[in-house]
Amino acid sequence: MEAGSFLAALTPLNLLLALAGVAAGTLIGSIPGLTATMAVAVLVPITFTMEPASALILLGAIYTGAIYGGAYAAILLNTPGTPSAIATTFDGYPMAQRGDGDLAVALACFASVTGGLVGALALLFLAPPLSRVALAFGPVEYFWLAIFGLSLIAALSSGALWKGLAGGAFGLILSSVGVAEVSADIRLTFGSQTMIGGFGVVGALIGLYCVPVLIDLVAVPERHLKIADEIDTMPIGRAARLVLGSKVNVLRSSVIGTLVGILPGAGGSVAGLVAYSEAKRNAGPEQRFGQGEPDGIIATESANNATVGGGFIPTLVLGIPGTPPDAVILGALLVQGVRTGPALFESGGGSIAYTFIYGLLIATVLMLPVGLLIGRYAYRSIVTIPKAMLVPGVAFMTVIGTFAIHNSVSDVTLMILLGVFGWVVGRFGFSASPIVLGLILGPIAEQGFVQGWIIGSAMEDLPGMFFGRPLSLAIIAFTLMSLCWPMVAARRQARATP
Amino acid sequence: MNRRTALKHAIAATALSLCAASGPSSAAELSGPVNYVIPFGPGGESDISARFQQPFFKKMFDQDMVISYQPGGGGAVGWASLNGLEADGQTIMGINLPHIVIQPAQKEVGYTTEGINAFHFFHYTPDAIVVQADSPYMTLADLVADATENPGQVTLSGSGKATANHLAQIKFDKLAGVKTTYVPFKGTGAAVTALLGGQVKGAWGYTTVGAAQGEAVRMLAVAMQERHPLFPDVPTFIELGYDMVGGAYRGIALPDSAADDVVTMWSDMISQINADEEFRQQMLDNGFAMLDVDAAGMDAFMAERTEEYLSDAREAGLIE
Amino acid sequence: MSDAARAGSSTGTLLVSLFFIVAGIVTLYDTTTYTDVDSKVFPRAAAILLILAATISLVTDLVRGARESGFGNGDWWRRLLLVGAMLACCLAMPLTGFLPAAAIAFLGALVAAMHQRWTARHVLIYGVSGAVLMGGFYALFRYGLNVPLP
């Protein structure tokens with residue numbers, strides 16, 4: 001932690017890169033179909049001509065901006081712009097529907113900035129020790145983490161528990177379509193070549209969330225979202241007060257996000273989910289989680305931006321990418337000749353790492369004014385735009401965004417068909433989130449299970465493998481807690497009301 | 001000479017000059033940025049080697065090389081779509097051995113080995129057994145001893161099933177007469193994480209793992225003819241008495257409908273990058289091993305490899 | 001909810017739950033074709049969970065009475081037009097290239113979403129802004145992000 005690195009992060013070029021990166025990232029992340037990974041991958045060649053630290057700052061700024069930008073579509077269109085914003089739809093869209101969309105966007109900005117800061121600070125001060133966490137998580141722990149995630153789906157579908165579980169199970173099955181990772185079998189493709197790649201998360205995301213919204217938008221003449229009385233000023237003060245009043249929530253969610261970000265392969269969607277569920281569990285009895293509770297957005301957005309800093313911990317310390325954009329950035333670093341590992345943090349090579357971390361901190365701070373500004377325009381445009389422009393525009397963007405993932409028209413067709421399916425089942429109580437979360441958690445659960453089984457059988461100690469490890473037991477405990485909690489809370493509420 | 005002869009000469013001369021003029025102009029040229037599709041996710045060896053090529057390509061041929069990813073099915077999704085891509089020479093795709101030989105032999109994946117129009121294999125990553133730095137295995141003999149005493153209890157991670165790592169594990173088990181347990185992970189990165197975390201006792205990886213992880217790991221042996229220049233202390237399998245040379249080979253292909261001159265152009269371009277000293281050094285410094293199989297030598301190379309992999313896979317019970 | 005509506009939405013719930021149950025059964029059947037033991041475990045467990053959850057939710061819905069209101073009101077033709085236009089875009093794309101196909105989707109969605117009366121002014125504004133939007137994003141993706149749009 002040398003002063004020289006800090007000053008290096010403050011050079012005009014680096015500041016400019018941080019600013020431009022955050023702005024560009026926010027815009028990219030807000031378009032459903034464009035992910036942070038894609039944005040980072042496309043801009044890597046530009047960084048070849050830059051200093052390694054400057055390149056890292058640019059890529060990191062884009063990454064963190066994109067994770068924040070995903071909240072716009074989640075709040076205003078019920079479509080996560082990136083998978084990490086899935087949990088933001090739970091309370092974001094209801095808030096927008098009752099006219100508080102601008103507040104939600106402002107909350108998302110404040111939460112993202114604080115979460116990002118916590119993650120980046122963890123990276124700055126605690127990277128080497130925290131990287132051990134990444135290693136301590138073995139296949140069995142990932143399996144139980146995925147089961148925990150699925151139990152959260154059930155717990156969050158209050159009142160429609162079995163529909164939520166059915167959706168989640170369906171998502172698990174969808175994730176099995178294609179070539180199995182754990183063996184070489186092809187599953188559930190019924191001979192079709194197009195299905196060999198399975199259902200991509202981003203395409204399914206757009207289809208299951210966005211298309212039903214569009215289908216319902218065209219059917220009725222009413223405006224999409226209520227226009228609040230004054231839309232010219234963002235309720236910044238109100239948002240700031242809400243965030244300050246939720247300090248425990250913010251801190252807890254950011255910590256959760258950082259830890260989940262450290263685990264390679266977990267990602268922002270899992271972080272948002274876990275943080276949301278913990279916030280709900282710890283909320284008072286007057287909470288309205290699921291109906292537009294500001295604390296919900298605060299929890300998810302601080303968690304998912306904390307994964308940015310958290311994800312860099314295993315990336316820089318161990319050379320193991322924490323999240324997909326980290327993998328791209330790692331590749332870019334290798335080309336520049338930067339060797340990851342503990343040596344990166346010592347002096348000499350250390351200046352690159354520390355300059356980058358300071359730059360990431362600066363970019364996160366810059367995200368506050370930039371994010372509020374862009375958020376205000378995003379909010380105004382989506383709310384005031386007439387439906388006849390909004391629907392075709394969004395429809396067009398879903399087509400181009402889905403196509404761009406794999407340059408495949410069949411992806412787009414699949415997206416639309418999934419969308420119609422999602423609309424139909426959504427009409428009868430099966431919401432999109434359990435299906436998408438099942439799709440995301442499926443591979444994690446399956447690989448963890450099969451690998452744990454193989455190792456456990458080899459060690460001739462299967463029960464010990466699955467139930468004997470301290471980390472696994474902790475996760476199992478959380479799972480049981482989250483499953484029992486709804487019943488305890490309901491009983492408590494019944495007792496409270498006379 | 002009389003007029004008729006002069007006319008004949010003139011016609012002949014014109015015809016000759018026309019032929020001469022059309023000769024060099026029929027060579028293919030790039031018409032813009034090229035699209036380099038990697039059929040895996042970012043961060044793997046295919047991605048990294050492509051990223052290394054990117055700046056050299058730009059420098060030598062003054063065109064952008066855009067790397068895009070098309071993961072799925074362990075590469076199958078990308079390779080199945082290869083022959084449907086534009087064949088004008090602006091799109092190329094990374095290919096991997098043994099994948100493109102074993103996958104079609106195992107099941108219907110949407111492409112055939114013969115249908116892949118490979119024009120260059122430019123490197124390979126030699127198989128290597130990697131263990132943690134503080135592992136009790138100091139030499140390969142230690143690992144073999146443990147596996148002999150406790151059959152099945154030596155767990156080795158690797159990237160996927162029916163891949164180079166898996167084949168290497170099966171082959172070595174047979175050569176050493178032991179039984180180890182292979183634990184498939186999604187990609188080399190996940191396999192290495194499991195190794196570093198102590199989830200498994202060792203890993204079947206490549207020399208690139210040793211280069212990337214440095215002091216944190218120890219390589220017990222590499223599957224090369226001679227020791228890798230980056231690791232002069234690591235013995236080869238041959239030295240230790242096991243006849244194992246190989247690894248994962250990576251190359252590039254065009255859609256099969258691409259014109260011959262396009263194929264030749266690309267083969268020459270990649271060969272040129274491969275001949276660059278700075279490029280070779282960068283690849284070696286990161287643990288890769290160089291290979292120079294261009295379009296001319298492709299048929300012979302593929303025939304040899306196909307036979308080798310198919311017989312290995314048959315012996316391993318991966319295919320009938 | 002009227003009795004007719006309730007009956008309608010119960011059939012809907014029944015059909016959707018049945019679909020999930022059938023999907024589970026199909027999955028179970030498919031697992032018998034796998035060669036590797038490792039690939040069977042997970043889909044089987046998920047299919048069993050699906051069948052169980054769908055059955056229970058079906059029973060609770062029938063007993064308790066469906067809470068969701070089924071397909072609701074709204075113009076069906078608009079919905080069909082929107083989905084149809086988007087699917088037509090997919091079918092057309094390999095033939096006509098990206099922009100014409102996307103224009104089909106755009107126009108279809110535009111007509112479907114337009115609840116006001118069409119005037120010349122509307123045609124002009126929407127036409128121009130649509131062209132700008134599509135052209136702008138096309139350029140962004142094609143040249144900025146290097147996506148090979150057909």
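Predicted model: local features only at pLDDT ≥ 70, side-chain atom pairs only at ≥ 80, totals over all residues.
The domain assignment of chain B gives domain 1, made of residues 34-124 and 247-316, and domain 2, residues 126-222; such bounds come from an automatic or database domain assignment. Residues are numbered from 1 along each chain as its sequence is written, while chains are lettered from A and ligands numbered from 1 in the order in which they are written.

The C-alpha centres of the two domains of chain B lie 26 Å apart. Between them, 18 residues of domain 1 are in contact with 17 residues of domain 2, where contact means that the C-beta atoms of two residues, placed from the backbone, lie within 7 Å. On the domain 1 side, helix 4 (99-106), strand 9 (247-254) and helix 11 (295-316) of chain B each supply at least two residues. Helices (H or I, at least four residues) and strands (E, at least two) are DSSP runs, numbered from the N terminus. By class, that side of domain 1 has 8 nonpolar, 8 polar and 2 charged residues. Here Ala, Val, Leu, Ile, Met, Phe, Trp, Tyr, Cys and Pro count as nonpolar, Asp, Glu, Lys and Arg as charged, and the others, Gly among them, as polar.

Two local features of chain B deserve attention. Most residues other than glycine have a negative phi, and most peptide bonds are trans. Leu97(B) and Pro98(B), however, are joined by a cis peptide bond with omega of about 10 degrees, and Pro98(B) is in the loop between strand 3 (91-97) and helix 4. Ala162(B), which is not a glycine, has a positive phi of about 60 degrees. Its loop runs between strand 5 (155-159) and helix 6 (164-176) of chain B. Is Ala162(B) buried or exposed? Ala162(B) is buried, with 24 other C-beta atoms within 10 Å. The term buried requires 20 or more other C-beta atoms within 10 Å of a residue's own, exposed means 12 or fewer, and partly exposed lies in between, with C-beta atoms placed from the backbone.

I turn now to chain A. Its secondary structure comes to 20 helices and 2 strands, and its C-alpha trace spans about 65 × 60 × 55 Å along the principal axes. A compact globule of 498 residues would have a radius of gyration near 23 Å, and the 22 Å of chain A agrees with this; the radius is taken over C-alpha atoms, and the globule rule is 2.2 Å times the number of residues to the power 0.38. Buried residues make up 69% of the 498 residues in chain A.

Helix 16 of chain A (residues 387-406) reaches 30 Å from its first C-alpha to its last, close to the 28 Å expected at 1.5 Å a residue; the expected span is 1.5 Å times one less than the number of residues. Of its 20 residues, 19 are buried. Just after this helix, Asn407(A) takes a positive phi of about 50 degrees. Asn78(A), also not a glycine, has a positive phi of about 55 degrees and is placed in the loop between helix 4 and helix 5 (88-97) of chain A. Asn78(A) is buried, with 21 other C-beta atoms within 10 Å.

How do the chains meet? Chain B brings 44 residues into contact with 39 residues of chain A. Helix 2 of chain B gives the most to its side, with 6 residues, and that side divides into 18 nonpolar, 20 polar and 6 charged residues. The contact between chains C and A takes 60 residues from chain C and 52 from chain A. Helix 2 of chain C gives the most to its side, with 14 residues, and the classes there are 39 nonpolar, 13 polar and 8 charged.

Finally, the largest nonpolar core has 336 residues, and Leu50(C) and Val40(A) are among those that touch the most other members. A nonpolar core is a set of buried Ala, Val, Leu, Ile, Met, Phe, Trp, Tyr and Cys residues joined through C-beta atoms within 7 Å. Helix 4 of chain A (residues 52-77) gives the most to this core, with 19 residues. Not counting residues up to four places away in sequence, Leu50(C) touches residues including Ala166(A), Phe170(A) and Phe20(C).
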